[in-house]
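The sequence and model come first, followed by the description.

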Amino acid sequence: MADLSIRKVLEQVQSGQLRIPAFQRGFVWDADRVAYLMDSIHKGYPFGALILWRTKEQLNAERDLGPFTLPDREDEFPVDYVLDGQQRLTSIFGVFQSEIAANEGHDTTWTTVYYDFDAEKDLQESQFYALLPDQVDLARHFPVGKFFDVAGYRAATQHLTPERLEEIDHVQAIFKEAAIPVQLIETDDRAKVAIVFERVNRLGVELDIFQLLSAWTWSEEFDLQDKFADLAEDLKPFGFAAVGEDSNLLLRCCSAIIGGDASSSGLLALNGAEVRDRFDEITSGIKGAVDFLRSNLHVEKLENLPYPTLIVPLAVYFAAKDSKTVSVSEAQRAEMVRWFWRACFSRRFSAGVLRNLNRDVGEAKKLRASNKLGLAEILWSIDKEFFIDNRFTVSSVATKTFILLLVQSNPLSFVSGSRVSLGEVLRHYNRKEFHHLNPQKFLKGQDRDSADINRLANFAIISAADNKALGGVAPSRYRPKMPASKSGNILDSALCPPSLFNDDYDTFIEERSVLLWSSANTLAK
């Protein structure tokens with residue numbers, strides 16, 4: 001599809017060809033941002049492409065274009081739905097159109113944008129402003145909304161001096177010639193749309209698959225959203241309310257449990273009535289997965305998981321009609337634990353996500369139905385460099401995996417020697433619960449850089465209070481502050497070698513990474 005001129009955009013919106021699907025969020029730009037868009041168009045700066053999806057099948061649910069209700073499209077003509085660029089499209093239409101009246105109760109002050117003749121001709125500063133009526137000086141401000149209205153433009157220019165008329169004619173010509181880049185996906189194949197939809201999401205465009213389903217395949221009265229909200233409430237006491245609030249994760253669980261396919265095309269094949277009828281089975285699977293993670297891996301909330309996707313195969317295993325409890329043999333439990341660790345250390349769901357996920361869903365079903373131990377038979381490897389090369393960042397996959405590894409050893413407080421409250425640590429889950437074994441201040445005194453200091457192997461579960469008590473001194477100097485009779489146990493529980501107290505950082509990192517690697521191997525084998 002060729003790029004669109006602004007006039008063509010106005011015509012296609014007014015004819016009902018360009019439309020907004022219900023899964024898009026509403027118009028959220030403020031007046032200043034709209035004015036800056038006008039300035040970018042005027043100066044020829046890139047302002048992004050529209051991504052359009054052309055289909056002959058009109059969606060059940062659509063959204064207004066900002067404050068404007070769009071006319072219906074004739075049935076035999078295709079519709080172009082905006083996947084990305086709604087804010088820009090709405091801004092351009094709202095500023096330049098004069099055919100469709102805005103709905104009552106909407107703020108339309110952003111539509112009255114003016115070119116300021118007196119503004120400094122600057123590459124950085126804008127020459128366009130959204131103004132209220134009492135801010136407008138017609139000797140200085142020109143309404144750009146008249147650019148595509150022949151009679152309106154003629155009337156608005158009558159009072160201008162020849163110099164200003166020439167200037168505004170030039171500005172108008174720029175807008176008339178401006179081209180809006182367009183990427184067009186033309187298909188009625190739902191599987192293809194699902195893939196496109198997923199890839200657009202990966203580009204940073206936030207689209208909600210639940211809303212896509214509601215708009216395309218399910219009626220607006222479908223109450224699945226309410227069921228998700230109820231599930232979130234049920235999981236809240238266990239720290240997993242976020243699972244019930246993540247509609248895309250829950251839909252993958254639904255699709256995997258019902259159809260054995262957690263991909264976007266599988267989601268789009270879901271039948272709303274069947275999801276509703278089998279929702280007890282779905283909730284039992286999700287609750288069983290949560291209970292398994294809490295009981296076997298000390299996972300206290302969704303944010304503790306390196307990948308939320310790990311819940312899906314487990315939910316498939318535990319899904320049962322009439323909310324019955326699914327039995328788990330020791331061999332099955334061990335297989336799921338092995339799979340969990342191998343998936344985490346191999347970064348299984350960082351690439352090839354849907355292929356790997358669907359394979360694991362199938363193996364989870366076999367594990368439950370016939371006790372076939374194939375779930376954990378995945379490519380994986382772990383070496384000590386994992387703990388040396390990765391840096392501690394609470395939100396990263398490597399760090400979340402590392403923290404869960406530390407948790408399995410039931411660490412002790414470095415100051416009191418008592419058990420660390422793991423539930424408290426993992427529920428709060430912030431940087432204050434984890435600190436350097438070789439303090440930053442000590443290592444900076446050796447001219448070590450941040451990357452060297454913040455290796456995973458230099459961290460342990462040490463509360464802010466304990467860290468303060470130990471102080472930012474060399475390990476040999478804070479050792480006397482630890483209970484002497486328990487120091488060995490404390491180090492063991494932290495997977496930490498005695499060489500910590502030799503103040504030889506390089507040797508310590510090497511030895512601790514070996515201990516961490518050995519523990520990881522034990523869990524994953």
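D39 and K43 are joined by a salt bridge, with 2.9 Å between the closest N and O atoms. A salt bridge here is a side-chain nitrogen of Lys or Arg within 4 Å of a carboxyl oxygen of Asp or Glu. The model is predicted: local features need pLDDT of at least 70, side-chain atom pairs count only at pLDDT 80 or more, and totals for chains, interfaces and linings use all residues. Residues are numbered from 1 along each chain as its sequence is written, and side-chain values use heavy atoms, with hydrogens and water left out.

**Salt bridges**

D39 and K43 are four residues apart in helix α2 (residues 31-43), so about one helical turn separates them. Helices (H or I, at least four residues) and strands (E, at least two) are DSSP runs, numbered from the N terminus. D39 is buried, at 3% relative accessibility. Buried means under 20% relative accessible area, exposed means over 50%, and partly exposed lies in between (1.4 Å probe, protein chains only).

The structure holds 22 salt bridges. Side chains of opposite charge can pair when their charged atoms come close.

| Pair | N to O distance |
|---|---|
| D39 and K43 | 2.9 Å |
| R278 and E281 | 3.0 Å |
| R333 and E330 | 2.9 Å |

In the pair R278 and E281, which meet in a salt bridge, R278 is partly exposed with a relative accessible area of 22%, whereas E281 is buried at 11% relative accessibility. R333 and E330 are three residues apart in helix α15 (residues 330-345), so they too are separated by about one helical turn. R333 is partly exposed, its relative accessible area being 27%, and E330 is exposed at 52% relative accessibility. Salt bridges also link D116, D118, R140 and R164 in a network.

**Surface charge and an enclosed helix**

A patch of negative charge on the surface gathers D226, D230, E233 and E245. Patches are made of residues with over 30% relative accessible area and no salt bridge; like charges are joined within 9 Å. Asp and Glu count as negative. Helix α8 (residues 224-235) supplies the largest share of this patch, three residues, and D230 is placed in helix α8.

Which residues of α3 are buried? They are Q86, Q87, R88, L89, T90, S91, I92, F93, G94, V95 and F96. Eleven of the eleven residues of helix α3 (residues 86-96) are buried, so the helix is largely enclosed by the rest of the structure.

**Two loop residues**

D72 is in the loop between β4 (62-63) and β5 (79-84). With a relative accessible area of 65%, D72 is exposed. Apart from neighbours within four places in sequence, D72 is in contact (heavy atoms within 4.5 Å) with S15 and R19. The C-alpha atoms of D72 and N502 are 77 Å apart, and these residues are separated by 430 residues along the chain.

P411 lies in the loop between α18 (397-407) and α19 (422-428). Its relative accessible area is 5%, so P411 is buried. Not counting residues up to four places away in sequence, P411 touches L406, S418, R419, V420, L422, I461 and S493. Between the C-alpha atoms of P411 and L491 the separation is 8.5 Å, with the two residues 80 residues apart along the chain.

Note on methods:
Patches are made of residues with over 30% relative accessible area and no salt bridge: like charges are joined within 9 Å, nonpolar side chains (Val, Leu, Ile, Met, Phe, Trp, Tyr) within 5 Å. Accessible areas come from the Shrake-Rupley method with a 1.4 Å probe; for residues, only the protein chains shown count as cover. The place of a charge is taken as NZ of Lys, CZ of Arg, CG of Asp or CD of Glu.
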